[in-house]
Number of protein chains: 2
Amino acid sequence: MAEVPLTIRDPAALRAAVGASRAAGRRVGFVPTMGALHRGHGSLVERAVAECDDVAVSVFVNPTQFGPGEDFARYPRTPEADAALLGGLGVRWILAPAPDDIYPPGAATRVSVEGPALPFEGRARPGHFDGVATVVCRLFHAVPADVAYFGAKDWQQTLVVKRMVRDLGLPIEIAVCPTVREPDGLALSSRNAYLAPEERQRAVALFASLEAATAEWQRGADVARIELAMRSVLVARSVAIDYATVADAETLAAPVAGRDAVAIVAGRVGATRLIDNRLLAARRGGG
Amino acid sequence: MAEVPLTIRDPAALRAAVGASRAAGRRVGFVPTMGALHRGHGSLVERAVAECDDVAVSVFVNPTQFGPGEDFARYPRTPEADAALLGGLGVRWILAPAPDDIYPPGAATRVSVEGPALPFEGRARPGHFDGVATVVCRLFHAVPADVAYFGAKDWQQTLVVKRMVRDLGLPIEIAVCPTVREPDGLALSSRNAYLAPEERQRAVALFASLEAATAEWQRGADVARIELAMRSVLVARSVAIDYATVADAETLAAPVAGRDAVAIVAGRVGATRLIDNRLLAARRGGG
């Protein structure tokens with residue numbers, strides 16, 4: 001599979017190709033993206049290529065997951081660089097649809113998830129996860145793969161997608177892959193491109209807040225103390241905090257003794273909103 | 001295919017069976033029902049059996065499409081009669097899931113359709129079409145058939161399902177089959193079982209209102225005049241009108257010149273709410 005990927009615009013055409021591949025007994029992997037690909041996406045694709053016979057990558061900046069005041073118009077679009085990156089990785093198909101191919105004229109259907117979609121990003125970005133669930137549901141019908149790969153960087157998104165897949169009985173496995181980081185710990189994100197050099201330096205505070213949360217968690221601190229530790233790191237670097245806390249890793253409700261938790265943070269560095277998280281192994285003390 | 005149908009509770013097991021059948025080149029048809037089967041359902045199943053190699057019928061009284069004050073608890077349930085009817089028709093599989101099989105604990109996903117779902121039943125029964133779209137989406141993943149059969153009696157429902165299928169790219173064809181009627185014109189409905197003998201006589205007013213609408217439509221009457229004709233028939237039989245009008249057959253907006261329309265009616269006969277409709281061929285005059 002070192003061939004050049006075939007770029008397909010029509011979801012139905014890709015569906016047919018994926019179906020033929022699976023009918024021939026081949027395992028198909030799918031990596032949905034919004035383009036502006038970085039090494040984080042690269043790690044998803046590499047794992048997909050390692051585990052599957054054929055891999056499809058979609059590149060679609062989904063308008064419905066951006067709110068009115070958000071960065072849809074200026075979201076980075078780097079089609080040549082994306083193609084170059086994917087060309088070397090052994091991807092078989094690139095799905096590059098136009099908006100009308102995903103949302104036909106008169107489209108009126110929305111997939112909504114409650115539960116894990118409600119707090120954090122759900123509260124900060126009304127409608128965001130409806131847009132995510134709807135487009136992922138649509139894409140999973142265009143690419144009926146065995147397995148789809150998502151990055152742990154968007155932890156809440158992985159929970160929303162897994163819940164939707166379970167609830168609607170979608171016949172696809174969800175694989176969650178580790179966050180890829182810069183040497184100083186900053187999680188890779190297409191939005192890092194927005195950061196001025198001085199902001200880039202301050203942005204490491206999100207990672208540092210997760211380190212602080214981990215230390216507090218491991219020494220048995222309660223939620224209030226963990227939040228305080230996270231906030232002091234973020235405030236010191238002038239990050240405007242959206243949320244910074246620990247939650248149950250699966251439900252995102254308050255942490256529960258004996259279950260994994262997640263430290264989760266969102267904040268603005270200048271005009272750029274960044275998110276990050278880290279999984280925390282279950283402890284006896286719970287929250 | 002004159003064998004006894006195999007009753008399956010587990011959606012995943014049926015999915016596997018349907019997949020194996022299709023992989024062997026067989027055409028699979030699906031008839032989703034809420035049980036309490038009558039000759040209307042029978043006609044859907046007969047057409048499915050005629051057109052397909054294998055047919056699955058689901059029997060599931062879907063709680064989420066009933067509103068708080070509606071008849072979920074007393075909706076007719078006739079499992080023995082249903083099995084007897086289906087046993088003679090050449091059905092291969094009956095999917096009879098428990099509520100937990102369709103809505104797993106913690107289920108938090110809803111499929112919503114706007115557009116054709118908003119007027120008429122959407123207004124009269126808030127949440128009804130969310131329940132329909134969600135369960136049909138779920139069932140289509142349990143029964144990945146080539147084609148699913150729905151009755152024209154629930155015209156708006158067929159529009160909602162078709163819109164969802166198109167918008168989410170669900171790989172299934174939707175076939176809409178003619179309404180089956182009693183000799184006096186009353187559309188068959190599981191809810192007709194609620195009618196006392198005197199109510200049963202008055203219930204023919206819904207059909208009669210569609211006859212009146214058709215006559216007015218064909219003579220070129222405007223919407224107001226058509227509605228008046230429908231209402232005078234319904235009032236004469238003491239049917240409490242929910243709505244009685246004509247609409248574009250596909251969008252359910254106001255009728256448009258040169259496009260098909262639908263006469264559509266809902267009302268209560270005693271405590272029983274009934275609906276009916278009739279397709280009206282396009283005319284030059286439109287609305």
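A crossing of two helices is left-handed if the near helix is turned anticlockwise from the far one by less than a right angle, and right-handed if clockwise. Helices (H or I, at least four residues) and strands (E, at least two) are DSSP runs, numbered from the N terminus.

These legends describe a predicted model, in which local features need pLDDT of at least 70, side-chain atom pairs count only at pLDDT 80 or more, and totals for chains, interfaces and linings use all residues. Residues are numbered from 1 along each chain as its sequence is written, while chains are lettered from A and ligands numbered from 1 in the order in which they are written.

**View 1. Helices α6(B) and α7(B) cross in the right-handed sense.** Their axes lie 10 Å apart and the packing angle is about 50 degrees; axes here are lines fitted to C-alpha atoms, for helices over the stretch in contact, and angles run from 0 to 180 degrees between N-to-C directions. That angle makes α6(B) oblique to α7(B), since angles under 35 degrees count as roughly parallel, over 145 as roughly antiparallel, 65 to 115 as roughly perpendicular and the rest as oblique. Look for B:F129, B:V132, B:A133, B:V136 and B:C137 of α6(B), which meet B:Q157, B:V160, B:V161 and B:M164 of α7(B). Two residues are in contact if their C-beta atoms, placed from the backbone, lie within 7 Å. By class, this contact has 8 nonpolar residues, 1 polar and no charged; Ala, Val, Leu, Ile, Met, Phe, Trp, Tyr, Cys and Pro count as nonpolar, Asp, Glu, Lys and Arg as charged, and the others, Gly among them, as polar.

**View 2. Helix α9 (residues 204-218) of chain B packs against helix α10 (residues 223-236) of chain B.** Here the angle is about 155 degrees, with the axes 8 Å apart, and that makes the helices α9(B) and α10(B) roughly antiparallel. Their crossing is right-handed. From α9(B), the contact includes B:A205, B:A208 and B:W217, and from α10(B) it includes B:I226, B:M230 and B:L234. Its residues divide into 10 nonpolar, 1 polar and 2 charged.

**View 3. Chain B meets chain A, with 26 residues of each in contact.** On chain B, at least two residues of this side come from each of α1 (11-23), β5 (109-113), α6 (128-142) and α7 (155-168). The side holds 13 nonpolar, 6 polar and 7 charged residues. Of the interface residues of chain B, 100% are also interface residues in chain A, so the copies meet through the same surface.

**View 4. Strand β5 of chain A pairs with β5(B).** The two run in the antiparallel sense over 5 bridges; strands pair if DSSP finds at least two bridges between them. A rotation of 180 degrees with 0.0 Å of shift along its axis superposes chain B on chain A (RMSD 0.0 Å), which is the relation of a two-fold axis. Copies are superposed by least squares on the C-alpha atoms of residues with pLDDT of at least 70 in both. Within chain B, the C-alpha nearest the axis belongs to B:V111, 2.3 Å away from it.

**View 5. In chain A, 3 strands form an open antiparallel sheet in the order β8-β9-β10.** Its edge strands, β8 (240-248) and β10 (272-280), each pair on one side only. Strand β9 (residues 261-269) is joined to β10(A) by 9 bridges, and A:A261 has A:L280 as its bridge partner in β10(A). On average, neighbouring strands of this sheet are turned by 10 degrees against each other, direction ignored.
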